[in-house]
Amino acid sequence: MSTVTTVIGEPAKRTSLPVWESLKTSKLAALAWTAMRAWLGVMWIQAGSAKLWGAEAAGFLHNNGAGVAGFAAHGTPAYSWWGSFLHSFVVPNAGAIGVLVAAGEFAIGVALVAGLFTRVAALASLALLFTYVMSGTASVCAFYALFAIVILVMWRTSSWIGADGLIASYRQHHPNLFTFHLPGARGAAGTAAAH
């Protein structure tokens with residue numbers, strides 16, 4: 001193993017390109033990442049609200065998730081094992097999955113627009129897009145996935161302007177507010193003083 005690390009080096013000691021590090025910390029680039037995050041969030045809000053209150057509500061919230069069941073039963077899945085999953089799990093549970101998809105899309109959108117739980121929202125976005133692609137829908141998934149990946153990779157600056165940034169700033173200025181002590185637990189000084 002030592003010969004391998006001699007040739008290619010230690011992963012922890014590798015450095016990133018200066019341009020990459022600059023993009024990850026730049027306040028100017030943060031504006032671009034924020035615009036990408038907000039745009040992706042708006043797209044998810046539109047998709048979710050169409051399923052919750054709009055033209056797609058009948059196929060997701062009503063009729064026992066008929067839209068989900070129809071797509072899962074007649075779609076062209078990427079792999080046979082995924083097709084088995086769609087037929088054996090998604091179709092019988094289409095009503096609940098329809099509600100979950102509609103609410104999930106809307107919640108991901110709100111979180112991305114607000115910049116709240118940005119990394120979780122970007123990961124959830126990728127997970128949802130993965131299921132769509134595996135089920136045979138390409139559509140705009142690749143473009144959405146690209147934005148979600150950029151937001152995830154640039155999470156420090158993509159969430160700098162938003163609720164996550166405000167929370168991080170507040171925690172920096174009030175570090176003692178977020179320290180928790182168990183009731184009855186004492187530090188070493190408190191224990192020594194008690195004896």
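This is a predicted model: local features need pLDDT of at least 70, side-chain atom pairs count only at pLDDT 80 or more; totals for chains, interfaces and linings use all residues.
What volume does the second largest pocket have? About 550 Å³.

**Stop 1**

Select Trp 155, Ser 159, Asp 164, Gly 165 and Ala 168, which lie nearest the centre of the second largest pocket among its 18 lining residues. Next, colour α2 (18–25), α8, α10 (155–158) and α11 (163–173), the elements that each give two or more residues to this lining. The most comes from α11, with 7 residues. Sorted by class, the lining of the second largest pocket holds 6 nonpolar, 7 polar and 5 charged residues.

**Stop 1: the largest pocket**

Now move to the largest pocket, with a volume of about 720 Å³. Select Val 101, Glu 105, Leu 128, Thr 131 and Tyr 132 to find its centre; of the 32 residues that line the largest pocket, these lie nearest to that point. At least two lining residues come from each of α3, α5 (66–74), α6 (80–90), α7 (94–114), α8 and α9 (141–153). The class division for the largest pocket is 23 nonpolar, 6 polar and 3 charged residues.

**Stop 2: α3 against α7**

The crossing of α3 past α7 is left-handed.

For the contact itself, select residues on both sides. On α3 they include Arg 37, Leu 40, Trp 44, Ile 45 and Leu 52, and on α7 they include Val 101, Glu 105, Phe 106, Ile 108 and Leu 112. In the contact of α3 with α7 there are 16 nonpolar, 4 polar and 3 charged residues.

**Stop 3: α3 against α9**

The axes of α3 and α9 are 10 Å apart, and the helices pack at an angle of about 135 degrees. The pair α3 and α9 is therefore oblique. This crossing, too, is left-handed.

On the α3 side, select Trp 33, Met 36, Arg 37, Trp 39, Leu 40, Met 43 and Trp 44. On the α9 side, select Phe 143, Tyr 144, Phe 147, Ala 148, Val 150 and Ile 151. By class, the contact of α3 with α9 contains 12 nonpolar residues, 1 charged residue and no polar ones.

**Stop 4: α3 against α8**

Helix α3 spans residues 27–52 and helix α8 spans residues 118–134; their axes come within 12 Å and cross at roughly 50 degrees. These two helices are therefore oblique to each other. The crossing of α3 past α8 is left-handed.

Which residues of α3 meet α8? Select Arg 37, Leu 40 and Trp 44. Their partners in α8 are Thr 118, Ser 125, Leu 128, Leu 129 and Tyr 132. The contact of α3 with α8 comprises 5 nonpolar, 2 polar and 1 charged residues.

Key
Residues are numbered from 1 along each chain as its sequence is written. Side-chain values use heavy atoms; hydrogens and water are left out. Axes are lines fitted to C-alpha atoms, for helices over the stretch in contact, and angles run from 0 to 180 degrees between N-to-C directions. Helices (H or I, at least four residues) and strands (E, at least two) are DSSP runs, numbered from the N terminus. Angles under 35 degrees count as roughly parallel, over 145 as roughly antiparallel, 65 to 115 as roughly perpendicular and the rest as oblique. A crossing is left-handed if the near helix is turned anticlockwise from the far one by less than a right angle, and right-handed if clockwise. Contact means heavy atoms within 4.5 Å. Ala, Val, Leu, Ile, Met, Phe, Trp, Tyr, Cys and Pro count as nonpolar, Asp, Glu, Lys and Arg as charged, and the others, Gly among them, as polar. On a 1 Å grid over the protein atoms alone, a cavity is a set of points where a 1.4 Å probe fits but cannot get out, and a pocket is an open set with protein on both sides within 12 Å along at least five of seven lines; lining residues have an atom within 4 Å of a point. Grid points are joined across faces, edges and corners, and a volume is the space filled by probe spheres set on the points.
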